[in-house]
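Hi everyone, thanks for coming. Please have a look at the picture on the screen, and then I'll walk you through a few spots in it.

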Amino acid sequence: MSTTTPEPSLEQHFEDVIARDQRIEPRDWMPDGYRKTLIRQVAQHAHSEIIGMQPEANWITRAPSLRRKAILLAKVQDEAGHGLYLYSAAETLGADRTELTENLIESRQKYSSIFNYPTLGFADVGVIGWLVDGAAICNQVPLCRSSFGPYARGMVRICKEESFHQRQGYELLMTMMGGTEDQRRMVQDATNRWWWPSLMMFGPPDHNSPNTAQSMAWKIKRHTNDELRQRFVDMTVPQAEALGVTLPDPELRWNDERGHYDFGEIDWAEFTQVIAGNGPCNTQRLAQRRRAHEDGAWVRDAAAAYAAKHAAKHAGKHAGDR
Amino acid sequence: MAEHREIRAGWPLFEVFVRSKRGLNHVHVGSLRAADAEMALRHARDLYTRRNEGVSIWVVKSSDIAASSPDEKDPFFAPSADKVYRHPTFYDIPEHVPHM
């Protein structure tokens, strides 16, 4: 045994893969903190998709036309799908799906603050597609290059589908804006209520976001919360103008020097309250999720019993063949 | 409760592979939980092919997959790195020889 160069440590190898901008895959060695951070983020993201079905599902039975109903059904089904892609990614990190669901309904893990606001009218469905899904797209496009392979691949799939979500919302709003005075008022009212919560979706400001620096070093996140928020504002202002609605911020104006729109101070006290469980709909959302889980228990049990019975019958038949 | 646990544990994880169109291989797209293979296929259709992404689906219990260690320094893949003569560029052929 002569002078072989010493093997780089597992940690060094991990760091090298990240530095080369390659992807970490499930069976690779990874630091505990990386795994923990990802499970937290991916689970939270999955929970958001699942809870996110509720505000819009509220309007499925009352959609004003068959066309709108079919679109809304497809969209809510997509949200369920997005949740499942993400639970699938979380499982590659060693998380257990049943446990993740329990963590959600026992409030041990969080979901996006945005879904704790009520959908008061049908215009809210359009504004959610335009602003909430628009903000989600801003957040999620850079996550397609996230350093963890299964998460990044899930995001690619999700982003492809989000584009339909945003466009159906904007089209819905354009239709309403071309309608009656009452309809235009509904669109403006929904915009007023959803604008600020949409800006909060990007999370706390950078100086108050404890996980950002490490997540960026690990290339889990590619941009800071404030960078993404600014990008969203810059993208959205011309869309609001084209639609003919006013964004409810008197301080919103173009800043030539920065090359960006300036905007007013976000009410972080409200954000903290909603995250802490005291938003308008937190209790209702979790109760609904818990009810769906508990009411579905007999279906899960019956399916498992059926599968076990058939597996046993099958095994018996093969034994008999011999 | 213990029995409940057992039933829950009875929903195995399946890996899903989709052939996006005729002429292409099945490609791994993700996983899902299902009571049995038949249910896994139905769920895979609803989950992974809502927009014509597939013409054929395979589902395989994750526990039935044998996998190599993913680390690229793994000696498992070493034999393929040191046989340069397996590549056409290893051989010098004069320029004037056509169709080589």
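Let me start with a question: does Arg42(B) count as buried, partly exposed or exposed? Arg42(B) counts as partly exposed, at 46% relative accessibility. For these words, buried means under 20% relative accessible area, exposed means over 50%, and partly exposed is in between, using a 1.4 Å probe and protein chains only.

Before going on, a word on where this comes from. This is a predicted model, in which local features need pLDDT of at least 70 and side-chain atom pairs count only at pLDDT 80 or more, while totals for chains, interfaces and linings use all residues. Residues are numbered from 1 along each chain as its sequence is written, chains are lettered from A and ligands numbered from 1 in the order in which they are written, and side-chain values use heavy atoms, with hydrogens and water left out.

Back to Arg42(B). Its side chain meets that of Glu38(B) in a salt bridge, at 3.6 Å from N to O. A salt bridge here is a side-chain nitrogen of Lys or Arg within 4 Å of a carboxyl oxygen of Asp or Glu. Both residues lie in helix 2 of chain B, four residues apart, about one turn of the helix. Helices are DSSP runs of H or I with at least four residues, strands are runs of E with at least two, and both are numbered from the N terminus. Glu38(B) counts as partly exposed too, at 48% relative accessibility.

Now over to chain A. Asp189(A) forms a salt bridge with Arg193(A), with the closest N and O atoms 3.2 Å apart. These two are four residues apart in helix 8 (residues 181–200) of chain A, so about one helical turn separates them. Asp189(A) is partly exposed at 35%, and Arg193(A) is partly exposed at 26%.

Which chains can a salt bridge join? Arg50(B) and Glu161(A) meet in one, at 2.9 Å from N to O. Arg50(B) sits in the loop between helix 2 (37–48) and strand 3 (56–61) of chain B, and Glu161(A) in helix 7 of chain A, so this pair joins two chains. Glu161(A) is buried, with a relative accessible area of 3%. Over all chains, the structure holds 25 salt bridges. Some are linked in a network, made up of Glu56(A), Lys75(A), Glu79(A) and Asp133(A).

Let's stay with helix 7 of chain A, residues 149–177, and see how it packs with helix 2 of chain A, residues 32–51. The angle is about 25° and the axes are 13 Å apart. Axes are lines fitted to C-alpha atoms, for helices over the stretch in contact, and angles run from 0 to 180 degrees between N-to-C directions. The two helices are therefore roughly parallel, a label for angles under 35 degrees, with over 145 roughly antiparallel, 65 to 115 roughly perpendicular and the rest oblique. Among the residues that meet are Leu38(A) and Val42(A) from helix 2, and Met155(A) and Ile158(A) from helix 7.

Last stop: the loop between helix 5 and helix 6 of chain A, where we find Ser113(A). At 6% relative accessibility, Ser113(A) counts as buried. Leaving aside neighbours within four places in sequence, Ser113(A) is in contact (heavy atoms within 4.5 Å) with Phe271(A), Val274(A) and Ile275(A).
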